[in-house]
Amino acid sequence: SFDPVDMKQVISRFSLAVSHAGHGTTLALLLGGRPHFMLPMHLEQLMTAKAVAGLGAGLFIEKDDENTDVSDVLEKILGNTDNFAKAARDFARRYENFSQPRQTTGITNRIMRLFNDQG
């Protein structure tokens, strides 16, 4: 059997992450104040990667981009880790009261109210 990964513990062990920019991982990294180098494979991941890059908390390369050298982008983020980390920490401070369970409960309650209003 496998236990769920404690993302806070994992994130505390590194200063930069590389991923496909999945929603859960990206949120955990931002809330952990960690910069992110993203290689999105799907549209949703690309949208997330663009948002993170727009925050200044990471960089990405699109799946079909054959003109960008991965090592150049990686060097850029490694050479400016402090700036990217600051942007991620700013995000974490802005959302320090975020609670995924509370958000899930809020969404569920809102959906139930909408269904009840239809009846």
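Start by selecting Phe 84: at 9% relative accessibility it counts as buried (buried is under 20% relative accessible area, exposed over 50%, partly exposed in between, with a 1.4 Å probe and protein chains only). You are looking at a predicted model, where local features need pLDDT of at least 70, side-chain atom pairs count only at pLDDT 80 or more, and totals for chains, interfaces and linings use all residues. Residues are numbered from 1 along each chain as its sequence is written, and side-chain values use heavy atoms, with hydrogens and water left out.

**Around Phe 84**

Phe 84 sits in helix α5 (helices are DSSP runs of H or I with at least four residues, strands are runs of E with at least two, and both are numbered from the N terminus). Show what lies around Phe 84: leaving aside neighbours within four places in sequence, it is in contact with Pro 35, Gly 56, Ala 57, Gly 58, Leu 59, Lys 76 and Ile 77. Contact here means heavy atoms within 4.5 Å.

**Over to His 36**

His 36 is in strand β2, residues 36-38. Is His 36 buried or exposed? At 1% relative accessibility, His 36 counts as buried. Its side chain makes a polar contact with the side chain of Ser 19, at 2.6 Å. (A polar contact is a pair of N or O atoms within 3.5 Å; within protein, one must be able to donate a hydrogen and the other to accept it, and residues adjacent in sequence count only if both atoms are side-chain atoms.) Not counting residues up to four places away in sequence, His 36 also touches others, including Leu 16, Thr 26, Leu 29, Val 52 and Ile 77.

Go to Thr 81, in helix α5, which spans residues 81-94. Thr 81 has 18% relative accessibility and so counts as buried. Zoom in on its side chain: a polar atom there lies 3.0 Å from the backbone oxygen of Leu 78. Beyond its neighbours within four places in sequence, Thr 81 is in contact with Ser 15 and Pro 35.

**The cores**

Next, select Ala 21, Leu 30, Met 38, Ala 49, Val 52, Ala 57, Ala 87, Ala 88 and Phe 91: these nine residues make up the largest nonpolar core. (A nonpolar core is a set of buried Ala, Val, Leu, Ile, Met, Phe, Trp, Tyr and Cys residues joined through side-chain atoms within 4.5 Å.) Colour α3 (43-55) and α5, the elements that give two or more residues to this core. The largest share, three residues, comes from α5. Apart from this core lies another, of seven residues, among them Leu 16, Val 73, Ile 77 and Phe 84.

**Where α2 meets α5**

Last stop: show helix α2, residues 23-31, with α5. Their axes come within 7 Å and cross at roughly 95°. That makes α2 roughly perpendicular to α5. (Axes are lines fitted to C-alpha atoms, for helices over the stretch in contact, and angles run from 0 to 180 degrees between N-to-C directions; under 35 degrees counts as roughly parallel, over 145 as roughly antiparallel, 65 to 115 as roughly perpendicular and the rest as oblique.) Which residues meet here? Leu 27, Leu 30 and Leu 31 in α2 meet Ala 88, Phe 91 and Ala 92 in α5.
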